[in-house]
Amino acid sequence: MAKHLTVVPERCSGCRLCELACAIHHFGVNNPKKSAIRVMVAFPHPVIRMPIVCRQCARPKCRENCPENAIARNNGLVSIDSEKCIACGQCVITCPFGAIFVHDDVPLPFKCDLCGGDPECVKVCPKQAILYQPEHMAGQAHRMSSMLRYAHMKEVTYVEEGEQKKLRYAEIGKPEA
């Protein structure tokens, strides 16, 4: 079953460990500008932190606009063929999410490759703001967030066998066991 990254912006602290883990894993350098994930921050209030990562689109715009047909989608992963890519940057321009990157030291555009099925960004995120979930779970975090926002609650307090307990809905969205 294909899996992809899901971002829960409400959990992101803006620590940017995901960027460092990605750059170190792929390029062996401690340089977040060589990362295939970027944490965008909007100020002043409320501060919004949003990790931007390739969504592995089912019908990728980047592929549609690639003049060399260098972008393919296989088993849920969108990848750039380095043999065909001419580094025109059309994919960078047309990605609606800004999830394809360029760097002066890297000859071709680069994007998230899901680290071969074991994403480093997911492993290092201390707040579990980045989840690696099956495709059918796509949007689950946003659905739950919308429902809770509508209901004006994040947690419920209840009594079980005389003991007061809290059920935190923020726990929903953890990867399946």
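How many helices and strands are there in the protein? The predicted model contains five helices and 10 strands. Its C-alpha trace spans about 65 × 30 × 30 Å along the principal axes. Of the 177 residues, 36% count as buried. The accessible surface comes to about 10,800 Å², and carbon and sulfur atoms make up 53% of that area. Among contacts with a separation of 6 or more, 53% join residues 24 or more positions apart.

Charged residues were examined next. The protein carries 23 positive and 18 negative charges, and their mean positions are 5 Å apart. Side chains of opposite charge can pair when their charged atoms come close. Six salt bridges are present in the structure.

One of them links Asp105 and Lys34, with the closest N and O atoms 3.3 Å apart. Asp105 sits in the loop between strand 6 and strand 7, and Lys34 in the loop between helix 1 and strand 2, so the pair ties together parts 71 residues apart in sequence. Asp105 is exposed at 55% relative accessibility, whereas Lys34 is buried at 11%.

Another salt bridge joins Lys61 to Glu64, at 3.5 Å. These residues lie three apart in helix 2, separated by about one helical turn. Lys61 is partly exposed at 42%, and Glu64 is partly exposed at 46%.

Asp118 and Lys123 also meet in a salt bridge, at 3.1 Å from N to O. Shared partners join Asp118, Glu120 and Lys123 into one network of salt bridges.

The Gln133 side chain contacts that of Thr6 at 3.3 Å. Gln133 has 2% relative accessibility and so counts as buried.

Conventions. Residues are numbered from 1 along each chain as its sequence is written. This is a predicted model: local features need pLDDT of at least 70, side-chain atom pairs count only at pLDDT 80 or more; totals for chains, interfaces and linings use all residues. Side-chain values use heavy atoms; hydrogens and water are left out. Buried means under 20% relative accessible area, exposed over 50%, partly exposed in between (1.4 Å probe, protein chains only). A polar contact is a pair of N or O atoms within 3.5 Å; within protein, one must be able to donate a hydrogen and the other to accept it, and residues adjacent in sequence count only if both atoms are side-chain atoms. Helices (H or I, at least four residues) and strands (E, at least two) are DSSP runs, numbered from the N terminus. Contact means heavy atoms within 4.5 Å. Accessible areas come from the Shrake-Rupley method with a 1.4 Å probe; for residues, only the protein chains shown count as cover. Lys and Arg count as positive and Asp and Glu as negative; His and the chain ends are not counted. The place of a charge is taken as NZ of Lys, CZ of Arg, CG of Asp or CD of Glu. A salt bridge is a side-chain nitrogen of Lys or Arg within 4 Å of a carboxyl oxygen of Asp or Glu.
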